[in-house]
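Hi there,

Here is the structure I promised to pass on to you. Have a look at it first, and then read on for my notes.

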Amino acid sequence: MNYILPFLSIVIGFGTVLIFKPKNQRNIKLLLAFSGAFLLAMTVFTLIPEVFHSLEHSHEHDIHDHNAGKKIGLWIVIGILLQIILEFFSKGAEHGHMHHPHSELKNAFPWSLFISLSIHSILEGFPLHHHHHMVYGIFVHHLPIAMVLTIFFLDSGIGLKKTFIFLILFALMTPFGTLLAEFIPQLGRYHIQISAIVIGIFLHISSVILFETSENHKFNHIKLGTIILGFVAAYFT
């Protein structure tokens, strides 16, 4: 499931746009709000407790080291800063924020967007080897992002073929990160630190999603209900 679900979420998002051709951006914003709430709750309910639990049982952990938790917090902050840097190149695609279509995409593959999204997705895949339940958070997170990217690319005139290639390669990145974590033992030694970085990434992305899907930073009743539903669904996942 750690390999299949992250891949399927991109494929389903891509296929949904091709089949149903959604025009109502409001529905996509609601789906983004749900995904942001779900991802935030999964991070708080699952990933953060498991990281600190792993720290307590790590053979490298000194019970007299009172700064151990603070060090994890440092890695979380690094994750937040890393995501901010990546968004200089991705223009916020990780949280569904895309600018108006650019005609220059017709003649050039969006390499900066692809590389930044790939780094983001590979890092997302690392914790799945140790924190399996997070795969559901990534699935829900990637689904609306794939829809937004597909709509953006097709409106930009990049063409169906390039859009398909981009999204398939993007879909492979999270499973690739999980594969690296599983088969490179050296990475396993740093799974707590890498997971903490991913926590920072998720905290930044999910909080931005919740604000960007609300006009003027105000929540209406439907969006508030959608966000609460995302929290509840994550709690029982």
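**Aromatic residues**

One aromatic cluster is formed by Trp111, Phe114, Phe152, Phe153 and Phe166. Please keep in mind as you read that this is a predicted model.

Setting aside residues up to four places away in sequence, Phe166 touches Phe109, Pro110, Leu113, Phe114, Leu117, Leu149 and Phe153.

The count of aromatic pairs comes to eight. Two of these pairs are described below. In general, a pair of aromatic rings is described by the distance of the centres and the angle of the planes.

Phe45 counts as partly exposed, at 40% relative accessibility. Tyr235 has a relative accessible area of 55% and is therefore exposed, since exposed means over 50%.

**The chain as a whole**

The protein chain has nine helices and zero strands. Buried residues account for 49% of its 237 residues. If you take the contacts between residues at least 6 apart in sequence, 84% of them join residues at least 24 apart. The chain exposes about 12100 Å², and carbon and sulfur atoms supply 69% of that area.

**Nonpolar cores**

The largest nonpolar core has 56 residues, and Leu149, Phe166 and Phe202 are those with the most contacts inside it. Which elements give two or more residues to this core? They are α1 (4-20), α2 (25-56), α3 (68-90), α4 (111-125), α5 (134-156), α6 (160-183) and α8 (191-212). Helix α5 provides the largest share of this core, with twelve residues. There is also a second, separate core of five residues, which includes Ala33, Ala37, Leu40 and Ile227.

**A nonpolar patch on the surface**

Turning to the outside, Tyr3, Ile4, Leu8, Val11, Ile12, Phe176, Leu179 and Phe183 form a nonpolar patch on the surface, and together they have about 680 Å² of accessible area. The elements that give two or more residues to the patch are α1 and α6. The largest share, four residues, comes from α1. Val11, a member of the patch, sits in helix α1 and counts as partly exposed at 32% relative accessibility.

Is Thr174 buried or exposed? Thr174 has 1% relative accessibility, so this residue counts as buried. Thr174 is found in helix α6. Leaving aside neighbours within four places in sequence, Thr174 is in contact with Pro6, Ser121, Glu124, Gly125, Leu128, Ile138 and His142.

Ser112 lies in helix α4 and counts as partly exposed, with 43% relative accessibility. The C-alpha atoms of Ser112 and Lys91 are separated by 9.7 Å, and the two residues are 21 residues apart along the chain.

Lys21 is placed in the loop between α1 and α2. At 53% relative accessibility, Lys21 counts as exposed. How far apart are Lys21 and Met147, and what separates them in sequence? From C-alpha to C-alpha they are 9.8 Å apart in space, and they are 126 residues apart in sequence.

Technical notes. Residues numbered from 1 in each chain as written. Predicted model: local features only at pLDDT ≥ 70, side-chain atom pairs only at ≥ 80, totals over all residues. Heavy atoms only, no water. Core = buried A, V, L, I, M, F, W, Y, C linked by side-chain atoms within 4.5 Å. Buried < 20%, exposed > 50% of the residue type's maximum accessible area, 1.4 Å probe, protein only. Contact = heavy atoms within 4.5 Å. Phe/Tyr/Trp six-rings, centres within 6.5 Å; stacked < 30°, edge-to-face > 60°. Patch = residues over 30% accessible without salt bridge, like charges linked within 9 Å, V, L, I, M, F, W, Y side chains within 5 Å. Areas by Shrake-Rupley, 256 points an atom, 1.4 Å probe, with all protein chains shown as cover. Salt bridge = Lys/Arg side-chain N within 4 Å of Asp/Glu carboxyl O.
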